[in-house]
Amino acid sequence: LAVGAHMDDVEIGVGGILCQAVDAGHRFISVVVASDHSSWKITAGHEEEVRAKQLVLADRYGYEKRFLEYAYHNVQPDNELKRKLAEIYVEVEPDITFVHHDRDHWPDHVNCGIASKDAVLFSHGYTVNKNIQRCPRVFAYNTSPAQTFSFDPDFFVAVDDAMQRYTEL
């Protein structure tokens with residue numbers, strides 16, 4: 001499971017791992033929190049086309065893409081968002097979850113990272129499933145060194161074998 005604030009965050013941030021996971025036969029789900037494309041200048045006016053292209057890309061690369069319909073610049077780490085993400089977590093029960101690093105210049109990234117981490121670590125408090133276990137492995141990712149600050153990676157995944165597919169993605 002990977003949660004991104006915007007339509008391309010997961011693909012940019014963990015696209016190599018996404019390709020490797022799909023190639024190995026794993027289910028990979030990408031959640032886009034700020035997916036109300038009418039609220040962003042670049043996508044406003046052709047929202048359905050943008051959504052369709054994202055779904056075609058996900059289908060071509062073999063992963064699932066879900067949308068939570070928050071407006072750009074309006075993602076807040078409130079209980080409503082945490083509950084929605086926790087419900088997805090309970091449904092999917094992933095072995096690994098990727099969340100935005102929360103030291104970022106982009107408020108949507110920061111708030112999405114906070115909400116995602118809380119949702120997968122404490123989903124028993126946000127859903128009716130009080131027996132769900134917290135995600136065993138939660139990794140923070142960044143989408144660009146220009147956007148994230150104070151990011152000190154402490155885990156490295158070689159994606160050399162998936163680099164061609166990742167750059168195409």
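Cys19 is buried, because its relative accessibility is 0%. Cys112 is likewise counted as buried, at 0% relative accessibility. This is a predicted model, and it holds 0 disulfides.

**Cysteines**

- A disulfide is a covalent bond between the sulfur atoms of two cysteines.
- The cysteine sulfur closest to that of Cys112 belongs to Cys135, and the distance of 15 Å is too far for a bond.

**Helix α3**

- Helix α3 covers residues 79-92, which makes 14 residues.
- At 1.5 Å a residue the helix should span 20 Å, and this agrees with its end C-alpha atoms, which are 20 Å apart.
- Its buried residues are Leu81, Lys82, Leu85, Ala86, Ile88, Tyr89, Val90 and Val92.
- An α-helix has 3.6 residues a turn, so residues three or four places apart point the same way.
- Just after α3 comes Glu93, which takes a positive phi of about 50 degrees.

**Enclosed cavity**

- The model has 1 cavity of 30 Å³ or more.
- The volume of the largest cavity is about 40 Å³.
- The residues that line the largest cavity are Leu1, Val3, Val31, Leu85, Ile88, Ser116 and Val120.
- Two of these lining residues, Leu85 and Ile88, are also among the buried residues of α3.
- Helices α3 and α4 each supply at least two residues of the lining of the largest cavity.
- By class, the lining of the largest cavity has 6 nonpolar residues, 1 polar residue and no charged residues.

**Largest pocket**

- The largest pocket holds about 710 Å³ of space.
- The elements that give two or more residues to the lining of the largest pocket are α1 (9-23), β4 and β5.
- Helix α1 gives the most to this lining, with 8 residues.
- In total 26 residues line the largest pocket, and those nearest its centre are Gly13, Ile17, Tyr141, Phe155 and Val157.
- The lining of the largest pocket divides into 17 nonpolar, 7 polar and 2 charged residues.

**Phe155**

- Phe155, one of the residues nearest the centre of the largest pocket, lies in the loop between β5 (137-141) and α5 (163-168).
- Phe155 has a relative accessible area of 53% and is therefore exposed, since the cut-off for exposed is over 50%.
- Phe155 and Phe139 are 16 residues apart in sequence, and their C-alpha atoms are 8.6 Å apart in space.

**Second largest pocket**

- The second largest pocket has a volume of about 340 Å³.
- It is lined by 14 residues, of which Leu1, His26, Arg27, Asp95 and Ile96 are the closest to its centre.
- Leu1, listed here close to the centre of the second largest pocket, also lines the largest cavity.
- Helix α1 and strand β4 each supply at least two residues of the lining of the second largest pocket.
- The lining of the second largest pocket consists of 9 nonpolar, 1 polar and 4 charged residues.

Technical notes: Residues are numbered from 1 along each chain as its sequence is written. This is a predicted model: local features need pLDDT of at least 70, side-chain atom pairs count only at pLDDT 80 or more; totals for chains, interfaces and linings use all residues. Side-chain values use heavy atoms; hydrogens and water are left out. Helices (H or I, at least four residues) and strands (E, at least two) are DSSP runs, numbered from the N terminus. The expected span of a helix is 1.5 Å times one less than its number of residues. Buried means under 20% relative accessible area, exposed over 50%, partly exposed in between (1.4 Å probe, protein chains only). On a 1 Å grid over the protein atoms alone, a cavity is a set of points where a 1.4 Å probe fits but cannot get out, and a pocket is an open set with protein on both sides within 12 Å along at least five of seven lines; lining residues have an atom within 4 Å of a point. Grid points are joined across faces, edges and corners, and a volume is the space filled by probe spheres set on the points. Ala, Val, Leu, Ile, Met, Phe, Trp, Tyr, Cys and Pro count as nonpolar, Asp, Glu, Lys and Arg as charged, and the others, Gly among them, as polar. A disulfide is a pair of cysteine sulfur atoms within 2.5 Å.
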